[in-house]
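Work through the exercises below with the sequence and coordinates at hand. Try each task before reading its solution.

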Amino acid sequence: MRLTVIGTGYLGAVHAACMADIGHDVLGVDVDTEKIKALSEGRPPFYEPGLDDVLTSALASGRLRFTTSLREAAAHGEVHFICVGTPQQPGSQAADLRYVDAVVDGLVPYLPVSCLIVGKSTVPVGTTARLAARIERLAPEGVRAEVAWNPEFLREGFAVEDTLRPDRLVAGVTSREADETLRRVYAVMLEAGVPYISTDPNTAELVKVAANSFLATKISFINAMAEVCDAAGADVVTLADALGHDTRIGRRFLNAGLGFGGGCLPKDIRAFVARAQELGVGPAVNFLDEVDEINQHQRTRTAALARHLVGGDLTGRRVAVLGATFKPNSDDVRDSPALAVAAALHRQGADVRVHDPEGAANARRAHPELRCGSDLLEACQGAEIVLHLTEWGEYREVDPVKLARVVREPVLIDGRNALPHDEWRAAGWTVKALGRPAHSDRPSDARTRNPLQATIASPAAEPIRA
Ligand code: UDX
């Protein structure tokens with residue numbers, strides 16, 4: 001099928017390459033000429049494991065091309081996928097739909113024949129219906145452009161895998177033809193047994209925000225438990241393991257630590273609250289404000305713990321931060337909890353050196369005031385405290401004995417509860433983590449109560465906003 005994919009960010013670039021990979025004739029479109037040039041040459045404009053291979057082979061097959069022209073896209077596509085960003089509006093909680101609207105405005109007047117326009121971006125419920133009216137107004141005489149919503153659930157770091165082998169496909173359609181068209185697009189996946197849920201556009205739009213709200217709630221739930229564990233001298237990791245054995249709960253997304261960030265979860269839950277308020281059901285999702293608040297609080301707690309561990313004053317203290325991206329296997333630093341903490345420590349006077357294997361350049365752009373690089377030993381040289389804030393696999397491979405020789409004080413905060421604490425302690429490190437007793441390798445009881453609780457939960461701690 002002839003498809004266009006409009007918007008070549010994390011979502012669109014992967015979708016375009018994967019649709020070509022499964023046999024479609026794909027035209028990727030973006031307003032950013034640099035991005036289009038890079039993609040046309042087989043260079044992904046961001047770090048995403050496996051994307052370069054799929055991109056290279058799709059380009060070589062001749063089934064994937066890129067352009068900056070929406071007119072060319074209008075002429076090419078039987079199906080047009082909208083994959084542009086829907087960021088948070090400046091000064092508001094709501095989603096900014098200007099890029100989605102711009103695609104419709106730039107594409108629809110040039111459509112030569114009837115076609116299907118499929119939104120994949122995360123949007124407030126009701127967007128498909130609003131766009132349908134806009135499209136009808138803009139469409140040339142005799143051309144019918146139906147709009148459907150087919151939300152994308154891919155995770156950064158697993159984007160190719162999630163696109164080629166999704167957990168489920170959700171299609172929000174208003175006609176049988178649209179449903180059949182989408183089934184043809186995804187025929188390979190349907191044959192492989194991927195569940196396909198066909199529904200109305202409102203439900204499809206809601207599935208995406210509800211899924212992200214649930215995931216965010218799960219993370220904030222376990223982080224709230226971590227705070228209780230700190231007060232009670234209990235261990236949040238053991239708690240999560242024990243909870244996770246209940247298949248109704250499940251262990252995934254119960255990793256306590258610095259909380260969630262990125263370009264999706266934080267802004268999606270805020271936009272959902274804003275949309276629910278518009279619909280007159282704000283109180284039904286008020287709890288998401290708490291979810292957001294608990295999430296932000298982990299950043300504050302982590303920064304306060306660092307300040308406490310260096311003796312209460314960060315002025316001039318050398319701090320090493322391991323990780324800048326919002327999660328491992330990505331170079332994305334949007335609303336990164338790690339960078340938010342690094343920036344807060346810098347504001348409090350610390351001399352902060354940030355390390356990240358892939359995200360250093362983006363981190364420098366987002367926070368020019370921070371020193372960010374990709375040499376781990378350099379970042380840790382002379383550090384009085386090391387904060388592990390993004391759980392890249394390579395940090396688990398670090399030899400704590402060797403690192404102890406480089407730093408000035410072997411003090412570690414494991415903000416992701418992902419390092420082998422007993423090994424680090426055996427190498428002479430003082431190891432602290434939110435929600436863990438002072439010696440988490442021992443059974444927890446009142447004697448191992450975290451003595452820092454009063455300090456790190458103090459309301460006087462500086463709140464951190466990204
Ligand atoms: C998320 C959704 O998972 C995905 O389905 C949707 O399409 C886009 O938003 P992504 O933003 O790539 O994907 O990252 P995800 O893996 O969900 O992690 C989000 C954040 O939560 C990260 O900052 C991660 O570190 C944090 N997280 C995740 C936790 O703090 N604890 C956990 O247990 C899991």
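Predicted model: local features only at pLDDT ≥ 70, side-chain atom pairs only at ≥ 80, totals over all residues.

Residues are numbered from 1 along each chain as its sequence is written.

**Exercise 1.** Determine how strands β9 and β10 pair, and how the chain crosses between them.

Solution. Helices (H or I, at least four residues) and strands (E, at least two) are DSSP runs, numbered from the N terminus. Two strands pair if DSSP finds at least two bridges between them. Strand β9 covers residues 318-322, and its pairing with β10 is parallel, over five bridges. From β9 the chain passes through helix α14 (residues 337-347) to reach β10, a right-handed β-α-β crossover. Right-handed here means that, with the strands pointing away from the viewer, the path from the first strand over the helix to the second runs clockwise.

**Exercise 2.** Find the bridges between β10 and β11 and the helix on the path from one to the other.

Solution. Strand β11 (residues 371-373) runs parallel to β10, and three bridges join them. Gly373 in β11 lies opposite His355.

**Exercise 3.** Why is β10 described as largely enclosed?

Solution. A residue is buried if 20 or more other C-beta atoms lie within 10 Å of its own, exposed if 12 or fewer, and partly exposed in between, with C-beta atoms placed from the backbone. Four of the five residues of β10 (residues 351-355) are buried, so the rest of the structure largely encloses this strand.

**Exercise 4.** Identify the pairing partners of strand β12 and the directions of its side chains.

Solution. Four bridges join β12 to β9, in parallel; Leu322 stands opposite His388. Strand β13 (residues 411-414) also pairs with β12 in the parallel sense, over three bridges, and Leu387 faces Ile413 there. Within β12 (residues 385-388), Ile385 and Leu387 point one way, Val386 and His388 the other, and all are buried.

**Exercise 5.** Check the span of helix α13 against its residue count.

Solution. The expected span is 1.5 Å times one less than the number of residues. For the 23 residues of α13 (residues 287-309) this gives 33 Å, and the end C-alpha atoms are 33 Å apart, which agrees. Just after α13, Gly311 has a positive phi of about 100 degrees.
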